[in-house]
Amino acid sequence: MVFDHEEVEGSLAASLLGACDAKETEAVRAHLETCQACQELEQRLRSVVEVLPLAAPNKEPPPEVRTRLLRAARGGWLPPAVVVQVPPLPRRRWPSRLAVAAAVLLLALAGALAWDLHLRLESAVAYPMSGTGPLATASGRVTVLPGQDLTVVAISDLPPPQPGRVYQLWLVSRSGMVRPAAVFVPDLEGRSQVLVPGTLQGVATVAVTQEPAPSGSRTPTGKPELAAQVG
Amino acid sequence: MARLMGGETDLDIAKALAAGDVTGLAWLYDRYSSLAYSVALRILGDPGRAEDVVQDTFLKLWHGADRFDAGRGSLRTWVITSVRNRSIDYLRGRNAHARKEQEIPLEAEAVGPGSDPWREVAHSLERNLILEALASLPAEQRQAVELAYFGGYFHREIAEMFQVPLSTIKGRMRLALEKLHSYLRAKGYFDGL
Ligand SMILES: [Zn+2]
C-alpha cells in the first residue's frame with residue numbers, strides 16, 4: 001500500500017489514535033520519512049494524542065501489584081533482605097507552621113526584592129501555571145533559581161479570594177505528599193509574587209487553593225484551582 | 001539520600017532500568033503506576049484485568065528497558081503509550097466480540113466526587129484541562145477520538161457505527177486533534193513541555 005501526501009494527511013490522525021490497520025499505519029509511516037510537511041503535522045497531532053490518557057479518571061492499583069511485579073522482575077524469587085521499597089517523603093521534613101510563617105514573611109519582602117529578581121532570572125527554569133474553575137482566567141509562572149536556592153511563583157489576573165479566605169500555595173511531591181509553602185493575597189491589580197525557599201527538588205506540582213484566613217491550613221481543604229507541573 | 005526521597009529524575013530512572021537495576025523499576029512503578037492503572041481501567045473497565053495489564057506492561061518495559069530513548073519522548077509517554085496499546089491489544093484480542101456489546105462511555109468524565117483531591121492533585125489540574133479541551137469539541141469529533149483511543153475501535157468500525165463514510169471519520173479525528181492542540185496551546189499547556 002503506497003499513500004500519497006493527501007492520503008497521509010487524511011489518515012495521520014486516525015493512525016496516531018491507533019485506529020488504522022497495520023498496512024495503513026505502515027503506509028503512513030513510510031510517507032512520513034520523506035515529507036517534511038507531514039512530519040510537522042505528525043508532531044503537532046502526536047503531542048495531543050500523548051496527553052489523551054491523562055483524561056482517564058485517577059485510580060490507584062492495589063499494593064499487591066507492586067509486590068508481584070518486583071517479584072516477577074527478580075525472576076520469581078525475591079529474598080526479603082533486598083525487597084525494594086521506595087519510602088514516601090518523610091513527614092517530618094515538611095515545614096512546620098514556623099516555616100509557613102517564614103514564607104509569609106518572605107512574601108512581605110517580595111516587593112522589595114522584586115527589583116533585582118529580574119536580573120537573576122536568566123539562569124532560571126520556568127514552568128507555566130494554569131487555572132481552572134474560579135481561577136480559569138488566572139495564570140502564572142513558577143521560576144526556580146538554582147543559584148539563589150529559591151523559587152519564585154508569579155501570578156497574574158488573580159481574583160480576590162472569597163471573604164474569610166486567603167490563597168495558599170502547596171508543594172506536592174511525586175509520591176503525593178503535600179506541604180504548605182505560603183499564604184498570600186493578590187494586590188489590587190490581581191498580581192502576586194510568592195517566594196519559596198529551595199529549588200523544588202522532588203516536587204511534582206505547585207498548586208494553589210483557597211483556605212481560611214489569615215494563616216491558611218496545615219493540609220489543604222479546598223480543591224486546587226491553579227497549578228503547575230514542575231517535575 | 002535524594003534517591004530515597006523520591007527526588008530521582010526520569011534520567012536516573014532510565015539509567016537504572018538500562019543497567020538492569022530493579023530499583024529503577026520500583027521508581028518507575030511508584031511514579032507512573034497510578035496513571036498506568038487509570039488508563040488501563042478506563043479502557044478495560046475491569047479492575048482485575050487492568051491490574052494484569054499494568055503488571056504485564058511494567059514487566060515488559062523492564063525486560064525491554066534499553067528501548068527507551070530519552071531523545072524521543074518522556075518516560076511518562078513511554079509508559080502510558082505502552083499501557084494503552086497493551087490494553088487495546090487485550091480488548092481487540094481476547095475480548096473482541098464482547099466489546100461490541102459493552103457500553104462505551106462517550107462523555108468526558110468529571111473527577112469523581114468524594115475522592116481525596118490531594119491524592120490526585122499531581123495530575124488533576126492537567127486532567128481537568130484535557131477534559132475541558134475534550135468537552136469543547138463537537139460531540140461527533142469527541143466520540144471519534146474516544147472510541148478509537150479508549151475504545152480500541154478501528155476507523156472503519158466507527159464509520160459503520162455512525163453510518164458515515166470512512167473519510168468523514170478520518171476528517172473528524174483530524175479536526176478533533178487540531179482543535180485539542182489549539183485549545184491546549186492557547187492555555188499555555190505545551191509551553192513547559
Ligand atoms: Zn506529506
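Here is a short walk through the zinc site and then the interface of chains A and B.

You're looking at a predicted model, where local features need pLDDT of at least 70, side-chain atom pairs count only at pLDDT 80 or more, and totals for chains, interfaces and linings use all residues. Residues are numbered from 1 along each chain as its sequence is written, chains are lettered from A and ligands numbered from 1 in the order written, and side-chain values use heavy atoms, leaving out hydrogens and water.

**Stop 1: the zinc ion.** Select His5(A), His31(A), Cys35(A) and Cys38(A): their ND1, NE2, SG and SG atoms, respectively, sit 1.9 to 2.3 Å from the zinc ion. Donors here are N, O and S atoms within 2.8 Å of the metal (3.2 Å for Na, K and Ca). The angles among the four donor atoms run from 103 to 125°, making the site tetrahedral (all angles between 85 and 135 degrees). Now pick out His5(A) in helix 1 and Cys38(A) in helix 3 of chain A; this pair links parts of the chain 33 residues apart. Helices are DSSP runs of H or I, at least four residues, numbered from the N terminus.

**Stop 2: where A meets B.** Show both chains: 67 residues of chain A are in contact with 73 residues of chain B, contact meaning heavy atoms within 4.5 Å. Next, select Lys170(B) and Glu24(A), whose side chains form a salt bridge at 3.0 Å, N to O.

How values were computed. Salt bridge = Lys/Arg side-chain N within 4 Å of Asp/Glu carboxyl O. Tetrahedral: all angles 85-135°; square planar, octahedral: opposite > 155°, others 65-115°. Helix = DSSP H or I, 4+ residues; strand = E, 2+ residues; numbered from the N terminus.
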